[in-house]
Amino acid sequence: MKRSFLLIFLITLVGFIYIGRLFQLQILQQKKQNTTVSSTVKIEYDYPERGYVYDRNGKLLVANQLSYDVMIVPKEVKPLDTLQFCSLLNITKDDFLKRFDKAESYARWLPSVFLKQLSKEDFAFLQEKLQKFKGFYIQKRIIRNYPIKSAANVLGFIGEVNEQKAKTSNYYEQGELIGKLGIEKQYEEVLRGIKGKKYFTRNNLNEITGPYKNGLLDTLAVPGKDLTLTIDSELQQYGESLMKGKRGGIVAIEPKTGEILALITAPSYDPNLLVGRERSKNSGKLFYDSINKPTFDRGLQAMYAPGSPFKIINGLIGLQEGVIDENFSVRCYHGYRYGKRKNEFMGCHCGIVGYPIRLKTAIAKSCNSYFATTYRKIVDNAENPKIGLNNWSKHAKSFGLGNYLGYDLPTGQKGRIPDSTYYNKWYKYRWGATTTISNAIGQGEVESTPIQLANMTAAIANKGFYFRPHVVKQINKQAITDTLYTKKVNTTIDSKHFNVAIEAMHEVFTKGTAKGSRVKGIEICGKTGTAENFTRVDGQKIQLPDHSILVAFAPKDDPKIALAVYIENGGYGSTIAAPITSLLIEKYLTGKVERTYVEERMLDLSLQHVYNKLIPKIDTIAQGTK
């Protein structure tokens with residue numbers, strides 16, 4: 001009896017397992033099945049036109065052009081005259097075998113690119129001749145064209161989907177095109193559209209017998225959407241021309257909206273170099289240039305010591321924390337002495353010796369002694385240095401420093417605003433305000449990117465708030481409504497404290513270090529900086545030419561543009577960064593440049609002789625201010 005029951009139980013169990021497996025195979029997997037993996041179904045793609053890209057004034061930046069790829073379906077390939085085929089495509093037999101093996105290892109029954117981006121002439125020549133070679137056909141594709149050879153770092157480029165991406169994607173096939181950098185990558189799903197599909201059944205001879213399921217699954221291609229950028233192409237191109245022969249980054253922002261007006265990195269490249277048959281060769285040259293780094297976006301990725309412009313932030317924090325007011329004064333004797341025995345010295349070049357210096361003058365004249373005193377008061381204005389430094393760090397970070405800003409481009413760096421955790425790690429809890437005193441003047445452990453400095457300047461211009469920087473203004477003529485970019489981000493500093501800083505920044509251009517870069521009829525507020533630049537060679541610390549910095553906004557009472565200009569190895573902030581900044585402001589606000597003598601000097605100025613002296617393969621450290 002027990003044996004009979006056991007036998008019935010086993011038969012029932014096997015029956016349920018069999019039924020369950022059939023259900024999984026026929027119902028569940030059928031729902032998930034991608035018809036492209038079926039050898040009895042052929043799929044043809046209709047690739048949509050990728051969205052066009054315009055600047056803020058409607059100027060076309062990115063367009064489309066037709067390209068022709070030779071496709072292969074390895075399973076459909078019949079014996080062929082290899083030499084004749086290679087002669088038609090102008091490739092070697094070894095090249096043919098490598099391409100065939102690659103396609104076969106991807107998937108024998110799926111199409112993949114065998115030879116990409118034929119010219120129109122090659123396409124016309126091959127169109128008929130290729131029909132005799134079974135398993136090969138020509139696929140039309142859309143590739144990019146850049147009418148203006150500018151803003152490569154913003155626009156990015158498109159490239160082929162690799163095997164790994166294709167195997168994990170529900171949309172892309174190997175060899176199709178996808179955004180790789182810039183807005184092409186960030187807005188890929190907006191720009192690409194949706195490709196159309198037509199399904200066909202085929203018999204055991206691989207001959208098409210008709211539409212699959214009477215065309216029920218066929219879809220039409222949906223064109224990509226157009227983008228209107230916040231970039232002003234004329235300002236972008238002008239900035240790029242001013243940066244020829246120089247290295248660095250420039251970022252210009254509209255303070256009232258956070259719209260990025262220009263995002264310049266130097267050196268850069270013509271975006272058309274990464275289009276067409278020569279793309280692979282050109283990309284190798286560009287991406288592996290470890291000296292000039294043309295594909296490295298210095299505006300978003302380069303972290304530098306912010307230098308003297310950061311003193312403004314320390315002054316504002318001091319006001320907010322109540323450790324100073326506008327009338328608080330410090331006497332400077334060529335620098336600031338600190339340490340237990342006052343044997344440490346931070347030099348100062350403000351030029352005011354022995355007289356009381358108040359905040360406005362300290363900003364305008366860039367007095368290190370004043371800001372070292374203020375920073376120490378901030379850190380010591382708490383139960384212990386840990387709490388004091390964390391308060392300082394919180395205020396500085398509220399300006400968008402020390403973290404990702406959240407802009408709509410795929411690359412960037414956080415910068416660094418240190419807190420107590422950072423110093424506890426390095427000094428084993430034995431540190432105080434004087435240990436970290438370099439933070440007072442924007443050097444030491446403080447680092448920022450040019451876009452962070454530009455955003456910081458916009459927050460000052462707005463007297464305490466900013467909008468997250470962004471580069472896309474409209475999608476298909478519809479304004480961006482994402483609250484990430486339309487909502488104010490408030491700093492921790494009360495608006496009442498900004499007036500003295502703004503007046504001081506105005507004095508920088510009226511009677512201070514940027515006096516020589518004034519523009520008639522435009523009230524500019526700014527702050528110059530000079531960051532000392534060191535490197536190590538064989539363990540020895542060697543000083544290199546200083547970096548040139550300037551942050552500014554204009555006009556003073558109705559800011560329309562805020563900028564950060566950082567010129568590597570450019571010397572004093574007043575010598576290169578200031579004139580370039582003033583030219584950009586003049587160009588944007590007036591549409592022309594009257595000071596042609598300044599313009600010619602900056603256009604002709606090259607620092608290549610300086611860069612040629614720099615030794616590659618070194619770890620450059622930018623630090624210090626004057």
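Strand E12, spanning residues 259–266, is mostly covered in this predicted model. Of its 8 residues, 8 are buried. Its pairing partner is strand E11, residues 248–254. The two strands run antiparallel and are joined over 7 bridges. One of the bridge pairs sets Gly249 against Thr265 in E12. E11 and E12 form a hairpin with 4 residues between the strands. In this hairpin Gly258 adopts a positive phi, near 80°.

A separate group of strands includes E1, E8 and E9. These 3 strands make an open sheet in the order E1-E8-E9, with antiparallel pairing. Strands E1 (41–46) and E9 (208–211) stand at the edges. Each has a single partner strand, so one side of each lacks a neighbour in the sheet. On average, neighbouring strands of this sheet are turned by 35° against each other, direction ignored. The antiparallel pairing of E8 with E9 extends over 3 bridges. Thr201 stands opposite Gly210 of E9.

Strand E8 covers residues 196–202 and contains Lys198. In a regular strand, side chains alternate between the two faces of the sheet. Leaving aside residues up to four places away in sequence, Lys198 touches Lys42, Ile43, Glu44 and Asp218. The C-alpha atoms of Lys198 and Leu220 are separated by 8.5 Å. Along the chain these two residues are 22 apart.

The protein chain as a whole has 22 helices and 24 strands. Its C-alpha trace spans about 100 × 80 × 55 Å along the principal axes. The chain has 626 residues, and 52% of them count as buried. Among contacts between residues at least 6 apart in sequence, 71% join residues at least 24 apart.

The accessible surface of the chain comes to about 30,300 Å². Carbon and sulfur atoms account for 50% of this area. The chain carries 88 positive and 60 negative charges. The mean positions of the two sets of charges are 5 Å apart.

How values were computed
Residues are numbered from 1 along each chain as its sequence is written. This is a predicted model: local features need pLDDT of at least 70, side-chain atom pairs count only at pLDDT 80 or more; totals for chains, interfaces and linings use all residues. Side-chain values use heavy atoms; hydrogens and water are left out. Buried means under 20% relative accessible area, exposed over 50%, partly exposed in between (1.4 Å probe, protein chains only). Contact means heavy atoms within 4.5 Å. Accessible areas come from the Shrake-Rupley method with a 1.4 Å probe; for residues, only the protein chains shown count as cover. Lys and Arg count as positive and Asp and Glu as negative; His and the chain ends are not counted. The place of a charge is taken as NZ of Lys, CZ of Arg, CG of Asp or CD of Glu. Two strands pair if DSSP finds at least two bridges between them. Axes are lines fitted to C-alpha atoms, for helices over the stretch in contact, and angles run from 0 to 180 degrees between N-to-C directions.
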